[in-house]
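Please examine the sequence and the structure shown here before reading on.

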Amino acid sequence: MRAAIAVCCVFLGCCTNVVFLELLVKDDPGSGNLITFSQFLFIAVEGFIFTAKCGTAKPKIGLKDYFILVTMFFIANVCNNYAFDFNIPMPLHMIFRAGSLIANMIMGIIILNRKYIFSKYLSVFMITSGIALCTIVSGKEIKSLQQKNIVQVPTTPWEDFFWWSLGISLLTIALFVSARMGIYQEVLHSRYGKNAREALYYTHLLPLPFFLTLSYNIYDHWNFALASEPLRLPVIGVDMPSLVVYLIANVLTQYMCISSVFVLTTECNSLTVTLVITLRKFLSLLFSIVYFKNPFTIYHWIGTILVFIGTVIFTEVIPKIMQSLQQEPKAKKIE
């Protein structure tokens with residue numbers, strides 16, 4: 001029951017969060033650091049008050065383990081962000097992120113010596129293929145590699161291939177580091193018990209010092225948000241800068257999203273958590289198609305069907321229904 005509620009909150013919080021993120025980026029494209037800092041600060045303050053009890057509650061999991069988690073999170077994000085500087089277009093970037101299910105399955109086999117039934121492999125392949133197909137057909141026409149704003153402008157096909165290969169390597173590292181982080185969280189929960197709130201708090205508290213290097217950028221965009229057009233709040237009838245309202249809404253929905261994800265890590269294995277996150281990204285992709293009024297082609301339908309069937313296979317819904325139907329006649333006979 002707790003896992004089901006968490007899944008619903010993940011989809012509700014994360015998909016709503018995309019709406020306010022789009023509104024923020026539309027008026028202020030460079031507000032990414034301000035948004036991320038606000039999210040981390042809010043979750044850290046909330047955790048300090050209610051989880052750490054203003055610093056009086058000792059963590060059940062060692063800070064060393066949390067530092068390892070934060071380090072993996074930092075490496076994955078840096079690799080993902082820097083990949084854009086090496087001839088990696090957005091569609092390819094999204095396709096790699098869609099491969100998180102396969103990466104998680106591979107890491108589970110290598111590290112935890114897990115063995116999966118054939119239906120799990122089939123479902124993961126179908127879901128990944130469906131998301132990749134939708135991503136490809138949703139991507140805008142890719143500009144020539146020479147027009148990309150990269151660190152060094154290539155002059156030969158071999159140099160061009162080198163930078164592209166470097167970008168692919170960064171995406172691959174980020175993909176498997178993220179999968180390893182999921183496995184590591186699963187191991188910590190099995191070792192120390194369910195500590196979703198504590199893990200949420202420390203993984204957002206420890207990275208805060210890194211934002212000091214971005215303080216000027218964050219301050220400038222905060223001033224920009226304060227100077228935005230006023231927006232009247234419908235319930236309380238107060239005027240507030242529109243970007244500040246969107247930022248608050250974004251922070252609150254992100255809190256609902258990420259806290260639910262951390263609850264899922266304590267209730268389900270890392271592969272199932274990755275499945276939920278991947279499906280959430282897929283729904284966000286479909287939402288962006290509707291929001292920007294892009295055509296929903298036959299390829300989108302094929303990708304959607306692949307994801308839907310793959311999800312049904314992964315969750316084993318049909319076998320469970322058949323099993324329950326077979327048990328009902330037996331129960332009637334006993335009566």
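The lining of the largest cavity divides into six nonpolar, two polar and one charged residue (nonpolar: Ala, Val, Leu, Ile, Met, Phe, Trp, Tyr, Cys and Pro; charged: Asp, Glu, Lys and Arg; polar: the others, Gly among them). These lining residues are Leu24, Asp28, Ser31, Leu34, Ile35, His221, Ala225, Leu243 and Leu247. Two or more of them come from each of α2 (32–50), α9 (215–226) and α10 (242–267), where helices are DSSP runs of H or I with at least four residues, numbered from the N terminus.

The model is predicted: local features need pLDDT of at least 70 and side-chain atom pairs pLDDT 80 or more, while totals for chains, interfaces and linings use all residues. Residues are numbered from 1 along each chain as its sequence is written, and side-chain values use heavy atoms, without hydrogens and water.

A cavity is a set of points, on a 1 Å grid over the protein atoms alone, where a 1.4 Å probe fits but cannot get out; lining residues have an atom within 4 Å of a point. Two cavities of 30 Å³ or more are counted. A volume is the space filled by probe spheres set on the points, which are joined across faces, edges and corners.

| Cavity | Volume |
|---|---|
| Largest | about 50 Å³ |

Ile61, Tyr66, Leu69, Gln185, Leu188, His189 and Ala199 line the second largest cavity. Both α3 (63–82) and α7 (157–192) supply two or more residues there, and α7 gives the most, with three. This lining has five nonpolar and two polar residues, and no charged ones.

Methods:
1 Å grid on protein atoms, 1.4 Å probe; cavity = no way out; pocket = protein on both sides within 12 Å on 5 of 7 lines; lining within 4 Å.
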